[in-house]
Amino acid sequence: MDLRAGDSWGMLACLCTVLWHLPAVPALNRTGDPGPGPSIQKTYDLTRYLEHQLRSLAGTYLNYLGPPFNEPDFNPPRLGAETLPRATVNLEVWRSLNDKLRLTQNYEAYSHLLCYLRGLNRQAATAELRHSLAHFCTSLQGLLGSIAGVMAALGYPLPQPLPGIEPTWAPGPAHSDFLQKMDDFWLLKELQTWLWRSAKDFNRLKKKMQPPAAAVTLHLEAHGF
Amino acid sequence: MDISLCWRQPSGMVGSKRMRMPANFRWLVATFVLLYLLNQVNSQKKGTRDLKCTTNNLQVWDCSWKAPLGTGRGTIYKVCIEDRPRSCHQLEKTNIKIPALSPGDHEITINSLHDSESSISTFMLNEKNVSLIPDTPEILNLSADFSTSTLYLKWNDKGSVFPHHSNIIWEVKVLRKDSMELVELVTYNTTLNGRDIVHHWSWASDMPLECATHHVRIRCYIDSLHFSGLKEWSDWSPVKNISWTSDSQTKVFPQDNIILVGSDITFCCISQEKVLLAQIGSKNCPLIHLDGENVAIKIHNISVSENSGTNVIFTTEDYIYGTVIFAGYPPDVPQKLNCETHDLEEIVCTWNPGRPTALVGPRSTNYNLFESFSGKYVRFKNAEVPTNESYRVLFKMIPNQEIYNFTLSGHNPLGQSESTILINITERVSPHTPTSFRVKDINSNAVTLSWHLSGSFAKINLLCQIKINKANSGQELRNITIKGVENSSYRVAVDKLNPYTMYTFRIRCSSETYWKWSKWSNEKQHLTTEATPSKGPDTWREWSSDGKNLIIYWKPLPINDANGKILSYNVSCSSVEETQSLSEIPDPQHKAEIRLDKNDYIISVVAKNSVGSSPPSKIASMEIPNDDLRVEQVVGMGKRILLTWHPDPNMTCDYVIKWCNSSQFEPCLMDWKKVPSNSTEAIIESDQFRPGIRYNFFLYGCRNQGYQLLRSIIGYIEELAPIVAPNFTVEDTTADSILVKWEDIPVEELRGFLRGYLFYFEKGEKDASQMRGLESGHSDIKVKNITDISQKTLRIADLQGKTSYHLVLRAYTDGGLGPEKSMFVVTNENSVGLIIAILIPVAVAVLIGVVTSLLCYRKREWIKETFYPDIPNPENCKALQFQKSVCEGSSALKTLEMNPCTPNNVEVLETRSTLPKIEDTEIISPVAERPVDSSDVEPENHVVVSYCPPIIEEEIPNPAVDEPGGTSQVIYIDVQSMYQPQAKPEEDQEMDPIVSAGYKPQMRLPINSTVEESAAEDDIDKTAGYRPQANVNTWKLVSPDSPRSTDSNSEIVSFGSPCSINSRQFLIPPKDEDSAKSSGGGWSFSNFFQNKPND
């Protein structure tokens, strides 16, 4: 298996994550049941890692789409791509979301995005691109699992996939190559926005689920370490 | 159309033009014509005019005319064609359709009846005057394929109305936009063949049809050969147009097009709002405005696209519209198409796609491999990005078909290409790599190889190649041909192998009609089984030093002869009487010692391995003495030594050369070598040989009874320089020779054959000669090269006595010079020489003395005459007579008796003289003298005071003159010049009073006045008494370096008395710089030394 720069960054990030959470290992915590806190933290870290990974992937993919998609100031209107789950939400609405709804929305969004990404992978013309996309899909699958874990820890049921929205990538005949590229562009953009939003979501959730003071102390010590 | 109206007169008129008429006749004709024309006008006003005929189908002519002037409705026309029966028609219209008339002129009369007035007009009608104007064509249908931007036009030529086949030319006009800009005008030729035919015409637009309305009109022109009249274009058909009805969100056209690189293409955008910007990739393009807000851009010579295509973007205020264009190439001709089989079951065809098409994914090239004999084909879908790597497709072989004709065609949206190959598949077999490769023993010289080869090779023979690698040896390739089988194992025997040898086998196969080798199979190592040793060991024997034991040596068998692992050796010694044997000597031991009496034994040695024993190798124990034995020398070449000998017919078996290190103790044996009896030379080579070591070589010849030592040789592989210097001592030393004696250098330290000594000697002390080396080639170093190595002493002769010599001795071989040993020896003193050296000068001196004395004695008269002439005796001078008597009394006091020769007498004498008294006292006073330089004054004092020679005599020597010679000289000069003021013999003292009384120095008178004025105050006394003969001025001028110094006067001056010499010095006035200078320059030594303290 050949390792790429992205892989090594990923490994580094994973290593950092592991070190970071070494003190959060249940055995080290004297508070007994750690609760959902560690898994939220893990999900949060995974989100940040995916953000980093996406930056590399998007660079490659937008170059593949060609100009003007890879131009930094290219900001097209959202044509088509209507089925993509929107990450942008009114701040008040976002604040008013409860944990369950918050997690559910995340879960649903990534479920859809993952399916679209897999479609993207099938369609990509170069082996290198397919490799990068497959790698990212695996990571995203991990995030999805992580969110599911958090939801399970909090006792929330997983949302059932809606029968109406079949999350498979099927470019219709009316879907021109250009619109397809726009969709790809928006898919990456939405994915990025979702990762930002998720980071905020999980950070908020993390604060809410903050363990008792003892554990905090230990954590801080470890931070100093 | 006036042309259609024909009258006969014009021809006459034309004829009149041709004639040459007189002028008055011309006037007459003109008048006539004018009258005629007026008549005609009047008559036409009454008849019909302008008969015109046209046709649209060549069958019916439609003729029309103009009604007579002043007539209107109700006029009836009777039209008659004169040359046709019943061809008069009566009608009320001004036109008539008549069947087409035959070629030629036809007279037509039209009789118009109006209000009972009639007028007849006659026309000549010819087909040439008839115009063929086709009916206006009608477009049946205009459709468009928007995806290809093609317009399709359909119309009917209505050819059924035409009686003949005619060519018809259609002109199609394509107009674009609402403003109907002409974009295309094309002609289209067809023929009319008597039937109505619907024609189709298509036109591909350079601009997508969606972006603007396109209009089409047509017209036609019939080019009938059977019609001689005028042919004209029909009118344009009514316009048909086509436009895009937007029913999708697509706004930019064309969508997802695939075009050839380098083409021109136009993109357009349908927009309700203003398009601000259009770009292809990242490049902006100028906008072409179409109807409304629609715009287009035109791209010339489009460049190749990236994998995802080239993006074309139109930007409005709020939106972005775009499309993707794929610019690529049609597939290249498949290159290096090659088909072969690995197993005769499937054919593998490979090819290189050639130039990349730049089209990927669904637009990439698909290949089709078609076999024409069987009609079967396989498809190759290339979903990957095109690369330069080979493509590969499998084709299932058809049973019983050997010849295949493959056509590989590649096609993509831009085109297709193909290449073909015709093969006999049995000649294109490249088998798979053999598997399950195994080796089995048959015997110690042969093995069986077996392997598996998948493939249906039953119909062909296989050629296989076996690579045999022998341990520590080269490799061997053996080709074998075997019958092919169906997917099975193959087996082959490999012989001619060596026993007990490690072999490595590999195999690869091909078809017998070689095409390609398979890859090599895995290699298999195999050790063949053992066999009995093929020969006995190489044996030698030596008698022990005490001569009682025989030591038997043998060499281990080479691996080729051992044929296995040697376990032990059996040694037996047999003579006529007895046999002794030693058995089972284990392998690492390669010698055995047996106690034997000096009998003639035959020793045999046998080597044994696990399979059996070797044949015995035999050697006789007996040594045949050789009286004629000399020791020879040999030096090796490189690492080897060459020994040669003369063939000896007595030697029946072989020669043996054994060698050993010369310093080794008995028995001397390092190794031996056997050479056949017919050889006369042997090259001895051994890794044990070292340069600078002496080896002994012994050549033995073998006879029936035993071995005889033929030659004994000492040798070196390479000679080196000695490592020590010869030890030498001085045996004897004489005054002119040294006897040196040295010792031999031990063989170990000699390191070569001694070739001689070099003896250097030179004069030199120990310290000095250490400074310089012998090598520097000083001429005073003497070298003696002693090449007689038996010489152990050397006498060096012709040396100097009592001299230190540096002696150096070095030994040398062909390898070079050894180190030096040096010594310092001093030769003895030579006493005889010394005595002689003293005696001879003494004798010579004595002899010279005697001879001189003798001569002097003989010639004493002459000498006396010459050197001591008689000096006139002042005593004989009467003038001085008295003085003598006076002085006689005080003659005893002549030596340093100042007081006895007191100037009392002088004063008495002075008083008698005219000299003033004052002067006397002044002179006497020592006080007055002191300040003045004593040496300067003193002589004057004496002179003046007493003129008493003894006193003067005493005073003078003190200051300067020590030498006796000087005194004598003074005397001599005085004698010569007859002047004696200072140094005088004792007898002269008598003269002094006379001098003081009467004699005056030579300079006295002339100088007196002048010198007195110019001289220093101290000189006052000079005027009174004595003046030295030297004039100060004269000295000043006459310095020895000046030319005047050669003057006779000056000579006298310079040869002055000692007193004068001294006084000269002091008489020079110290203040006078000139004199100081002159004295410095000319007064050499005395002056120099005198002045020096002042410096």
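Which residue in β6(B) is the bridge partner of Tyr77(B)? That partner is Ser112(B). Before we go on: this is a predicted model, where local features need pLDDT of at least 70 and side-chain atom pairs count only at pLDDT 80 or more, while totals for chains, interfaces and linings use all residues. Residues are numbered from 1 along each chain as its sequence is written, chains are lettered from A and ligands numbered from 1 in the order in which they are written, and side-chain values use heavy atoms, leaving out hydrogens and water.

**Strands**
- Strands here are DSSP runs of E with at least two residues, numbered from the N terminus, and two of them pair if DSSP finds at least two bridges between them.
- Strand β3 (residues 76-81) of chain B runs antiparallel to β6 (residues 106-114) of chain B, with six bridges joining them.
- Nine bridges link β6(B) to the antiparallel β7 (residues 117-125) of chain B, and one of the partner pairs is Glu107(B) with Met124(B).
- Two residues sit between β6(B) and β7(B) in their hairpin, where Asp115(B) takes a positive phi near 50°.

**Salt bridges**
- The whole structure has 27 salt bridges over all chains (a side-chain nitrogen of Lys or Arg within 4 Å of a carboxyl oxygen of Asp or Glu).
- Lys674(B) meets Asp538(B) at 3.5 Å, N to O; Lys674(B) is in strand β51 and Asp538(B) in a loop, so the pair ties together parts 136 residues apart in sequence.
- Arg755(B) and Asp814(B) pair up at 3.1 Å, N to O, so parts 59 residues apart in sequence get tied together.
- Asp538(B), Lys555(B), Asp671(B) and Lys674(B) form one network through shared partners.

Technical notes:
Helices (H or I, at least four residues) and strands (E, at least two) are DSSP runs, numbered from the N terminus.
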